[in-house]
Amino acid sequence: MSVPREVDWHFLTPGYPPDFGGVSDYTRLVAEELAARQHKVHVWTGGDSGDETTSVGPIVHRRLGKFEPRYFEFFSKALDSEISDHRLVVQYVPHGFGFRAMNIEMTRWLYKQSKRTNLRMLVMFHEVLFPYKLWPLHHNLIAWMTRRMLRNILKCNPYIHVSTPAWTRFIEKYASRNVSVTYRPIPSNIPSIVGSRDQPLRSRWCDQLGVKTLIGHFGTFGQEIFGLLLPAVLELEKATSELGFVLIGKGAENAATKLIARCPSLRNRIVFLDGADHRSVGEAIGSCNIMLQPYPDGITTRRGSAMAALANNTVIATNDGEHCEEFWAEEGLVSLAKRPGPECLRDEVLNLCRSAERRLKLSSKARAYYDRRFSVGSTVDAIRLAFGDIEPKSDVDSIPNG
């Protein structure tokens, strides 16, 4: 009778907290969930500060420098252990591993590791490749190299997870064989604050702004999305003086300043939360009546800002688009405009304002769907299912692919 071998889990990631970024937070969530289930977990990332160990949780190896090939020697030695079977989960973002998104040597190292008999690999594609551009011309070199990197990754014969079905067509195009792609949404890195609607934060903000309804936005206020948000807020300001606005996330103070500069009457109708901890962000999201979250390519489960609203049971007004998965409309999870135009978004918000019953129905349905399909627990189950470590339990393990 054979004795079951130990299993060591390894995550290769471009960042890990306190490093900033969605991939960093995602890796922490998944690694900590696995460790909480009594698995031995190692996280490998850049830096040269050595190992971080705790009595519980993953062992973090900040040993990979700037992801130059010579720094992978220690990682290779860890995989040499014949005592254990190894599970390697790669958090793939081409631009995350240095070399201006052209770290071809790292993908060759991965291919070499994939030949180990005691190792199986899963790649989570957060991004896939860089698009070709008419200008500047040097971006086309990056685009070509990311395609070479993708081919090397696919030669590893890994299990493949994607953060959005939009990446599937690229993977199928550059694979040298038929591949099976599993769609795995990104769980929220913002905690769900139970009972946040009953806290005094909403009342305090409503009293401060002299309104009864709070419209929130959570994000980093980058140029692309803020370019959609700003005109939508201005349309809402013209439509009614009964709404207050809550800006949440890094850059919120600067965004509030820009909005007030465009429309001085908003001065006393905006509050912002800039650079707050995750719990405070969750409380702020849960205190809003509606989250206004426009996206140039449509809402997708790659958008952590949208997933944070779902996790905190707050209804979302957003828009359809090129990369929007079909189930958002089919399941009725959000208030969905046909496009991210300011008038369309304004109408979605105002329609939600008119019906507390509809808001409650949408938010409750979306939160239940999130718990079943998108939570970190379901993500870990899907990874273990891919490796054959557990059996499928029910249709909960099946995620819609479009």
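P136 lies in the loop between β6 (119-125) and α4 (139-155), where helices (H or I, at least four residues) and strands (E, at least two) are DSSP runs numbered from the N terminus. At 24% relative accessibility, P136 counts as partly exposed; the class falls between buried, under 20% relative accessible area, and exposed, over 50% (1.4 Å probe, protein chains only). The C-alpha atom of P136 is separated by 31 Å from that of E325, and the two residues are 189 residues apart along the chain. The model is predicted, and local features need pLDDT of at least 70, side-chain atom pairs count only at pLDDT 80 or more, and totals for chains, interfaces and linings use all residues. Residues are numbered from 1 along each chain as its sequence is written, and side-chain values use heavy atoms, with hydrogens and water left out.

The secondary structure of the chain comes to 14 helices and 14 strands. The chain is as compact as a globular protein of 402 residues, because its radius of gyration is 22 Å, close to the 21 Å given by the globule rule. The radius is taken over C-alpha atoms, and the rule is 2.2 Å times the number of residues to the power 0.38. Along the principal axes, the C-alpha atoms fill a box of roughly 70 × 55 × 40 Å. Of the 402 residues, 55% are buried. Among contacts (heavy atoms within 4.5 Å) with a separation of 6 or more, 71% are between residues 24 or more positions apart.

Helix α6 (residues 200-209) has L201, R202, W205, C206 and L209 as its buried residues. They lie on the same side of α6, because they cover an arc of only 125 degrees around the axis; the arc is that of the directions from the helix axis to the C-beta atoms. P200, R204, D207 and Q208 are exposed on the other side of α6. The buried residues of α6 pack against β9, β10, β11 (270-273) and α9 (278-287). Just after α6, G210 takes a positive phi of about 70 degrees.

A search of the whole structure finds one cavity of 30 Å³ or more. A cavity is a set of points on a 1 Å grid over the protein atoms alone where a 1.4 Å probe fits but cannot get out, and lining residues have an atom within 4 Å of a point. The largest cavity holds about 40 Å³ of space, the volume being that filled by probe spheres set on the points, which are joined across faces, edges and corners. Its lining includes H217, F245 and L292, and β9 (213-218), α7 (223-239) and β10 (243-248) each supply at least two lining residues.

Note on methods. 1 Å grid on protein atoms, 1.4 Å probe; cavity = no way out; pocket = protein on both sides within 12 Å on 5 of 7 lines; lining within 4 Å.
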